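Me: I am new to this structure and would like to go through it step by step. Could we begin with how the copies meet?

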2 protein chains.
Amino acid sequence: MNKNITSQTLSRLPVYFNYLVSLPQERKNGNISATAIAEALGLNDVQVRKDLASVSSGGRPKVGYSASELMSDIGRFLGFENHDRVVVAGMGNFGRAMLEYNGFQAYGFDIVCGFDCNRERVGSTINGRPVRHIDEMDSFCRDNDIRIGIITVPETAAQEVCDRMAQAGIKYILNFAAVHINAPKGVAVHNENISLTLAMLARCH
Amino acid sequence: MNKNITSQTLSRLPVYFNYLVSLPQERKNGNISATAIAEALGLNDVQVRKDLASVSSGGRPKVGYSASELMSDIGRFLGFENHDRVVVAGMGNFGRAMLEYNGFQAYGFDIVCGFDCNRERVGSTINGRPVRHIDEMDSFCRDNDIRIGIITVPETAAQEVCDRMAQAGIKYILNFAAVHINAPKGVAVHNENISLTLAMLARCH
């Protein structure tokens, strides 16, 4: 990654990327100016112009950027052109929503399969993705060199599943169970607490 | 809210609260020390002791805090003893998971109902919570003074639903659709992008 970029610019790049990804297809096919992006996101347009110029050389005066090229340039810079395979443990509503969602792909993530311990769920496919028994997680992740896991199991099972993921060689875990999970050594865990996000939004504004 | 508290302390309080909420019931019934909390969360114990003392007077030397009292003290400080009613628009897997989840209550949120435009879903109940037609959202929210909404509709419908929530008097919107939503005037929107969270976790470590 370019070391000359400031951490402030780095923190805004995903925001631009997210905005470009969310544009309707016809706008993705066209040009977009730094000013238009700044306006849509409520940011300073000088700052946006500078940020974009630091990762893309495609900007032309009065025309702006090709939206799709700019998206590629930012994505490449952030590593989104990777294809990291991801597994999801816990096939309740939340886990199934993860398998049904196709939007991870723009960020370079392929959800490859789900795991569950319920025999009725095991063997089914969701959005073309197979659901395997949790006992197969270790061998599957090792055989396929999976580094990223998402936890959507009930709170009582979350720590155990996290530990099993770590044993299976997973290095990055996104935890949606609303419990504090201790990260095993060498593993990064992000605890996503939706209640807390809601509390911060509604109470701290 | 106490104005003498630093913003650093304020940002850590929800983390302590989340940790206490996630403890098993038998530990909630017992005592817990600042040192134990610091260790569990990987924080400096002097800092934790200071933070807790700023919102709770229940700490005793060698004994620590009653875990449940400390949780109440922090929760009261953060406004979690409120009972804010929340509605969810979009009854796909993700929205249904929101209605089935009971963990919002510890943070003072009651999910009161879901909305959808699919006639087959309308009229059902999920976890005791009714699913109403989206066209009833405006009158329901006004009649019940709802201030908080969660959006779990498909990306193409998210902005429209956001605008309808704003018209219905909703002031805080948590958006899970992976599109950039423009906040209507006087409304705070938090765009929760799970792909981006995953990207930051797996690529920026």
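Reply: This is a predicted model. In it, 100% of the interface residues of chain B are also interface residues in chain A, so the copies meet through the same surface.

Me: How many residues does each chain bring to the contact?

Reply: Chain A contributes 39 residues and chain B contributes 39 residues.

Me: Which helices and strands of chain B supply at least two residues each?

Reply: On the side of chain B that touches chain A, these are the helices α1 (7–22), α6 (93–100) and α9 (194–203), together with the strands β8 (172–175) and β9 (188–191). The largest share comes from α9(B), with 9 residues.

Me: And how do the residues on that side divide into nonpolar, polar and charged?

Reply: The side of chain B that touches chain A has 22 nonpolar, 12 polar and 5 charged residues.

Me: Changing topic: how is chain A divided into domains?

Reply: Chain A has domain 1, covering 7–78, and domain 2, covering 84–198. The C-alpha centres of these two domains of chain A are 32 Å apart.

Me: Let us look at helix α8 of chain A. Which of its residues are buried?

Reply: The helix α8(A) spans residues 155–167, and its buried residues are A158(A), V161(A), C162(A), R164(A) and M165(A).

Me: What do those buried residues pack against?

Reply: The buried residues of α8(A) pack against several elements of chain A: β3 (84–89), α7 (137–143), β7 (148–151), β8 (172–175) and β9 (188–191).

Me: What follows the helix?

Reply: After α8(A) comes G169(A), which has a positive phi, near 95 degrees.

Me: Now A188(A), please. Where is it found?

Reply: A188(A) is in strand β9 of chain A.

Me: Why does A188(A) count as partly exposed?

Reply: A188(A) has 14 other C-beta atoms within 10 Å. A residue is buried at 20 or more and exposed at 12 or fewer, so a count in between is partly exposed.

Me: How far is A188(A) from A166(A)?

Reply: Their C-alpha atoms are separated by 9.8 Å, while A188(A) and A166(A) are 22 residues apart along the chain.

Conventions:
Residues are numbered from 1 along each chain as its sequence is written. Chains are lettered from A and ligands numbered from 1 in the order in which they are written. This is a predicted model: local features need pLDDT of at least 70, side-chain atom pairs count only at pLDDT 80 or more; totals for chains, interfaces and linings use all residues. Domain bounds come from an automatic or database domain assignment. Two residues are in contact if their C-beta atoms, placed from the backbone, lie within 7 Å. Helices (H or I, at least four residues) and strands (E, at least two) are DSSP runs, numbered from the N terminus. Ala, Val, Leu, Ile, Met, Phe, Trp, Tyr, Cys and Pro count as nonpolar, Asp, Glu, Lys and Arg as charged, and the others, Gly among them, as polar.
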